[in-house]
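Please keep the sequence and the structure in view while reading.

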Amino acid sequence: MAMKEFKAESKRLLDMMINSIYTHKEIFLRELISNASDAIDKMYYKELTDDSLTFNKENHYIKVIADKEKRILKVSDTGIGMTKEELENNLGTIAKSGSLAFKKENEIKDGYDIIGQFGVGFYSAFMVSDVVTVISRAFGSDKAYKWQSRGTEGYTIEECEKDSVGTDIILKIKENTEDEKYDEYLEEYKLKSIIKKYSDFIKYPIKMNVTESRIKEGTENEYEDYIVERTINSMVPIWRKNKTELTDEDYENFYSEKHYGFDKPLKHIHISADGAIRYNAILFIPENIPFDYYTKEYEKGLELYSNGVLIMNKCQELLPDYFSFVKGMVDSEDLSLNISREMLQHDRQLKLIAKNIKNKIKKELVNMLKNERDKYEKFYKAFGRQLKYGVYDKFGMNKDFLQDLLMFYSSKEKKMVSLDDYISRMPEDQKYIYYAVGETYERIEKMPQIELVSEKGYEILYFTDDIDEFAIKVLMNYKEKEFKSVSSGDLGIEPEESEDKSDNEDNENIKLFEKMKNILGNKVKDVRVSKRLKNHPVCLANDGELSIEMEKILNSMPN
Ligand code: ADP
Ligand code: MG
């Protein structure tokens with residue numbers, strides 16, 4: 001039988017392919033399963049468009065069989081199969097996609113699910129195998145053909161026997177090397193986990209013979225292993241289901257199946273967008289802070305699927321930093337992927353999706369704040385810091401977007417309140433939104449600086465988080481009300497003039513003040529009589545932009 005060479009450019013491409021396009025060897029299985037699914041889709045399409053045929057979904061499946069002894073892994077499908085010409089054209093020429101051609105020929109428009117388009121996925125099989133054999137019988141033909149290749153040299157093709165329409169892809173798995181354990185690709189548990197990871201939502205069953213245990217007949221507690229055929233994938237992804245069919249429990253199960261967290265989600269957001277860009281997404285706001293959340297190790301991101309096939313584990317571009325706590329996934333058919341599917345070619349669609357998602361999350365949080373205050377407080381306790389950081393970060397670029405999500409502890413309510421809450425009960429004569437900074441609420445309560453404002457009956461926000469005042473300085477005002485620290489020189493409050501004797505007092509005490517200033521040295525700028533104190537003999541006030549607490553934080557930072 002004559003060996004046919006791959007086309008010249010294909011040779012080089014194949015080398016490149018095997019050695020560098022994919023970063024994870026395990027994706028070969030995703031590629032072969034995607035091709036099998038495409039082949040069944042094509043069958044479906046043929047049967048849909050031909051009245052003499054009926055498509056019976058139950059008859060279609062993909063089967064993965066491993067034989068450890070022979071080091072053989074086989075992926076079979078009941079799809080449309082390939083003729084001799086198709087085997088030559090589609091597998092003999094790299095970067096030729098029979099699927100893309102099929103879509104064009106049949107004028108299949110968007111929305112149809114065929115995954116293939118680049119004509120390289122198949123060759124990823126050579127990353128894990130020395131010999132690849134394809135046995136295929138095309139729909140409408142009674143002949144079958146065997147295509148075989150060891151990689152770069154070329155391939156052979158010959159007639160063979162096959163009972164039913166469809167394709168078997170047979171891989172001779174490589175021997176282990178020092179850096180790579182190819183044996184894994186013959187292990188039941190590994191194959192199952194790869195299928196679950198990348199191909200869980202392929203819409204046809206992916207079957208495997210798996211070993212299970214059962215109580216031996218006639219005994220009470222003796223077990224025996226037996227082999228049974230099981231479907232490994234869950235097929236219909238939850239995000240394609242109708243929201244009305246799904247319960248909270250369904251979402252919670254999905255959350256834990258996906259290992260998004262060990263907690264229960266506080267809130268889920270299910271999006272089915274059908275506008276300028278089509279996508280489905282299921283997002284979660286976790287209840288607890290992930291253990292590494294406020295560390296450098298924490299990686300934000302959403303899982304990204306293209307048409308039900310996992311492309312990226314953590315797509316960072318989909319989430320702004322201030323919502324980095326959100327977990328979940330996005331599936332879109334509108335993404336243009338690059339050849340390895342590991343990166344996206346344009347990020348225009350991705351940007352659109354990201355913007356959309358950002359707004360939905362915000363909307364959901366605002367709703368929670370308004371209608372489920374307890375939940376929101378819980379959320380805010382865990383992730384409020386991140387929102388405040390978001391206000392401050394990027395020169396305050398996102399402050400307008402985030403400001404109505406902020407909460408602070410209120411002197412009046414003795415609990416967290418939003419800025420809207422505060423504004424809505426401000427007396428008319430109150431000019432500013434007052435805040436006081438300190439280590440704990442108890443300490444702030446004892447601050448002499450809050451006396452005057454409290455006596456006026458004004459509400460004060462207590463800042464105990466390092467980031468609070470920084471965020472507020474960036475915000476500057478909320479709904480045209482300026483923020484004002486209770487320790488600032490001018491409080492905008494007219495003191496109730498009793499007798500105007502301060503000048504006198506100043507003169508009377510001038511010697512005392514001189515002495516105090518000498519002792520304190522450059523720790524203070526000035527020592528003066530204050531009109532704002534009621535029950536305390538003395539307090540510190542600041543003159544410039546930075547408050548005493550901010551100076552403390554800045555001084556404590558390295559550099
Ligand atoms: P793509 O899937 O991007 O088109 P591949 O390299 O994965 O590229 O596959 C090349 C072509 O080979 C496919 O487009 C398809 O025409 C054909 N092919 C591969 N696997 C199968 C299969 N299991 N059944 C039928 N045709 C297949
Ligand atoms: Mg493919």
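## Overview of the chain

Residues 24 or more positions apart account for 67% of the contacts in the chain that have a separation of 6 or more; two residues are in contact if their C-beta atoms, placed from the backbone, lie within 7 Å. The chain contains 16 helices and 19 strands. Helices (H or I, at least four residues) and strands (E, at least two) are DSSP runs, numbered from the N terminus. Of the 559 residues, 34% count as buried. A residue is buried if 20 or more other C-beta atoms lie within 10 Å of its own, exposed if 12 or fewer, and partly exposed in between, with C-beta atoms placed from the backbone.

The model is a predicted one, in which local features need pLDDT of at least 70 and side-chain atom pairs count only at pLDDT 80 or more, while totals for chains, interfaces and linings use all residues. Residues are numbered from 1 along each chain as its sequence is written, and chains are lettered from A and ligands numbered from 1 in the order in which they are written.

An open sheet of eight strands has the order 5-4-3-6-2-1-7-8, and its pairing is mixed. Strand 5 (155-160) and strand 8 (223-231) stand at the edges with a single partner strand each, so one side of each is left without a neighbour in the sheet. From one strand to the next, the twist averages 25 degrees. Two strands pair if DSSP finds at least two bridges between them.

Strand 1 and strand 2 pair in the antiparallel sense over six bridges. Ile 65 has Lys 74 in strand 2 as its bridge partner. Helix 2 packs on this sheet, where it touches strand 1, strand 2, strand 6 and strand 7 (206-215), and its direction makes about 20 degrees with that of strand 2. Axes are lines fitted to C-alpha atoms, for helices over the stretch in contact, and angles run from 0 to 180 degrees between N-to-C directions. Helix 5 lies across strand 1 and strand 7, running at about 130 degrees to strand 7.

The loop between strand 1 (62-67) and strand 2 (72-77) holds Arg 71. This residue has a positive phi of about 55 degrees although it is not a glycine. Arg 71 counts as partly exposed because it has 18 C-beta neighbours inside 10 Å.

Helix 2 has 23 residues and reaches 33 Å from its first C-alpha to its last, close to the 33 Å expected at 1.5 Å a residue; the expected span is 1.5 Å times one less than the number of residues. Of its 23 residues, 18 are buried, so helix 2 is largely enclosed by the rest of the structure.

Two packed helices are described by the angle between their axes and the distance between the axes. For helix 2 (residues 27-49) and helix 5 (residues 188-199), the angle is about 65 degrees and the axes are 9 Å apart. In this contact, Ile 27, Leu 29, Arg 30 and Ile 33 of helix 2 meet Ile 194, Ile 195, Tyr 198 and Ser 199 of helix 5.

Glu 187 lies in the loop between strand 6 (166-173) and helix 5. With 13 other C-beta atoms within 10 Å, Glu 187 is partly exposed. Glu 187 and Asp 67 are 120 residues apart in sequence, and 9.0 Å separate them in space, C-alpha to C-alpha.

Another open sheet has six strands in the order 15-14-17-16-19-18, with mixed pairing. Its edges are strand 15 (416-418) and strand 18 (477-478), each with a single partner strand, so one side of each is left without a neighbour in the sheet. Strand 14 (residues 407-410) and strand 17 (residues 460-463) are antiparallel and pair over two bridges; Ser 410 has Leu 461 in strand 17 as its bridge partner. Strand 16 (residues 432-437) and strand 19 (residues 481-485) pair in the parallel sense over four bridges, and Ile 433 stands opposite Phe 483 in strand 19.

Strand 18 and strand 19 run antiparallel and are joined by two bridges. Within their hairpin, which has two residues between the strands, Lys 479 takes a positive phi near 45 degrees. Glu 480 is found in the loop between strand 18 and strand 19, and it has a positive phi of about 70 degrees although it is not a glycine. Glu 480 is exposed, with 6 other C-beta atoms within 10 Å.
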